Amino acid sequence: MALSIEQIAARVESLRYRNRERDGRNLDVLAVRKGKISQVYPEFFPDGVDANVVANFIDIVARDLSEVMAPLPAINCSAAVQTSDRARTFADKRTRIASNYFQNSDLSVQMYSGADWYITYGFVPFIIELDEEAKLPRIRVENPIGSYPEFDRFGRCIAFAKRYFLTLGELISEFPEYDTQLLGKEGYTQDLNAQVEMIRYYDDEQSLIFIPARSNLVLSRVANPIGKMMVIIARKPSIDNELRGQFDDVLGIQLLRNRFALLAMEAAEKSVQAPIVLPNDVQELQLGGDAVIRTANPAGVRRVELTLPQGAFTEQTLLNQELRVGSRYPESRTGNISASVVTGQGVQALMGAFDTQVKSAQAIFAAALRDVIKICFEADEVIFPEEKTIRGVDSGSPYEVIYKPTKDIKGDYSADVRYGMLAGLNPAQGLIFMLQALGGKLISKDMAMRELPFTVNVTQELEKIEIEDMRSALLGSLTAYTQAIPQMATQGQDASEVVRKIAAVIKARQKGQALEDAIEATFAPQQQVPPAGAPTQTVEQTSPAPLGPPAGGSPLSPQEAPPQDAMSLISSLTGTGKANASVRTSRTR
């Protein structure tokens, strides 16, 4: 039974109360990333200073990490029976359908913000919405600020609320049918730029929008069409189930770096503006670049020295190291590598923490996106069952697929979403690992291609590879055929026929004809046309090739071979090494 608006409002208020500390941490991190650290710690900054005076290290780390984590994983809807061509075709079509959900939602672009939010706030919501224009489900990555997910004991999201702030004028423009309730008794005399809180709520039965400040006025209510939660949460692991970002505990270190920088600037300013010490015989003091001071003790003219303790600079170095450790950001990412580290293995050791962060985050994204695809499959089949046409690019080749969800999805919502076995490895390491696994026959080529960190149509690529291999073999046979020309010339035979066929293949290729078609047309057997009314009799005989020399003599040398005009002899070897010979005799009467 669907909850009433009063129950939903009470549930949202309870979620906000339980997450009030998290909201405070998120707003503090947001202010620091925006360069407004003085708003978080106003008592540590003098008047007139309201921004960072050092590099915003937290923002730099978040952007770098998110750019590495953001690329989308590969999608493969594997068939249950890989030996069946029909099953593989069905799985390949579902793979393209799932990839189209990502493409239609521009998820590859959204994931840069999503990965940033995941690192900064500790979780990121994926909301599946219905695109009535495209007749497809659409995936939207939501901002965790003001988001309140609720989980059951199994860690599944069972309710989700998102708080927005819009001006009163924007609300009236979006919901003109509720202008009277939104404006109230004061009407248009009140401030239309005033901020109004709007709540969007989701559960497995309904989704609605309401305004708490207007007695929980419901602006929109829609029943859940598939009866399942259409919000998936990707969240970082935590020891207390509290949603924490990566920088919640390092804001104080960033503050101290700013404080030390301010003190250093103040010390430099005081050093320049320090008072001037003069001997007792100086009666007048002139200031300026060409000032003249008359004194019998010129060494006594100086400014008061301001001595800075060396421990202050040491403390700055320690703060930088603590900030890197707290944010799990290796120094090698910024190019600061110790000169003693000269081996690739040493550099990789410095990057170890960074690689593990990327690998763990991508594993969580893969699990969340797998659930997202399942919901998209079901919503597409249940809500948009009509036939659709999708277009895209697969392995550099454009494609167009016409599918009907009730036929091509057919209740199979499974999908394999992986960043591959190469997750967390740099490209060089990943390539070596993949080649070694293939060489040791630990994995098949099919699995290796499915584990690549980008989407590949495995069936189509394998077909292309097979065609390329067969073309290479055919071209190699043609090249070996040309090697008979010198031998024929040495033996005094006529090689013009071989030269003519090779030239014919070259000319056909220059005209754009496929290699296999050119060779097939050139080497097609020539049919002899008998005179009109003359019957033709063809006798074919196949016999084993002689395994030794003929009785009473030695094998014929090439010079002693009889001419072959009416009879052609073709010899070959079987797979077991036995010789075969076929003789074709053609007589014309």
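## Cysteines

Cysteine 77 has a relative accessible area of 2% and is therefore buried, the limit being under 20%. Cysteine 157 is buried as well, at a relative accessible area of 12%. The model is a predicted one, and a search through the whole of it returns zero disulfides.

## The five-strand sheet

An open sheet is built from five strands, arranged in the order β4-β5-β6-β7-β8 with antiparallel pairing. Its edges are taken by β4 (147-151) and β8 (217-223); each has a single partner strand, so one side of each is left without a neighbour in the sheet. On average, neighbouring strands of this sheet are turned by 15 degrees against each other, with direction ignored.

Inside the sheet, strand β5, covering residues 157-167, runs antiparallel to strand β6, covering residues 195-203, and nine bridges join the two. Across from tyrosine 164 stands methionine 198 of β6. Helix α1, residues 5-18, lies across β4, β5, β6, β7 (206-211) and β8, and its direction makes an angle of about 80 degrees with β7.

## The β7-β8 hairpin

Six bridges link β7 and β8, again in the antiparallel sense. One of the facing pairs is isoleucine 209 with serine 220, the latter in β8. The two strands make a hairpin with five residues between them, and in its turn serine 215 has a positive phi of about 60 degrees.

Asparagine 216 is also placed in the loop between β7 and β8. The phi of asparagine 216 is near 55 degrees, a positive value in a residue other than glycine. With a relative accessibility of 23%, asparagine 216 is classed as partly exposed, because this class lies between under 20% and over 50%.

## Glutamine 206

Strand β7 includes glutamine 206. This residue has a relative accessibility of 4% and so counts as buried. A polar atom of the glutamine 206 side chain lies 3.0 Å from the backbone oxygen of leucine 3.

Residues up to four places away in sequence left aside, glutamine 206 touches Ala2, Leu3, Ile8, Tyr201, Arg221, Val222, Ala223 and Asn224.

## Nonpolar cores

The largest nonpolar core has 64 residues, and Phe126, Phe365 and Phe377 have the most contacts inside it. Helix α12, residues 352-383, gives the most to this core, with 12 residues. Neighbours within four places in sequence aside, phenylalanine 126 is in contact with Met111, Ile139, Arg140, Val141, Met230, Val231, Ile232, Ala234, Ala368, Leu369 and Val372.

Another core, of 14 residues, lies apart from the largest one; its members include Leu183, Ile211, Leu217 and Leu219.

## Lysine 410

A further positive phi in a residue other than glycine is found at lysine 410, where the value is near 55 degrees. Lysine 410 has its place in the loop between α13 (405-408) and β14 (416-418). Its relative accessibility is 62%, so lysine 410 counts as exposed, for which the threshold is over 50%.

Key. Residues numbered from 1 in each chain as written. Predicted model: local features only at pLDDT ≥ 70, side-chain atom pairs only at ≥ 80, totals over all residues. Heavy atoms only, no water. Disulfide = S-S within 2.5 Å. Buried < 20%, exposed > 50% of the residue type's maximum accessible area, 1.4 Å probe, protein only. Pairing = 2+ DSSP bridges. Helix = DSSP H or I, 4+ residues; strand = E, 2+ residues; numbered from the N terminus. Axes fitted to C-alpha atoms, helices over the stretch in contact; angles between N-to-C directions. Contact = heavy atoms within 4.5 Å. Polar contact = N/O pair within 3.5 Å; in protein donor to acceptor, adjacent residues only side chain to side chain. Core = buried A, V, L, I, M, F, W, Y, C linked by side-chain atoms within 4.5 Å.
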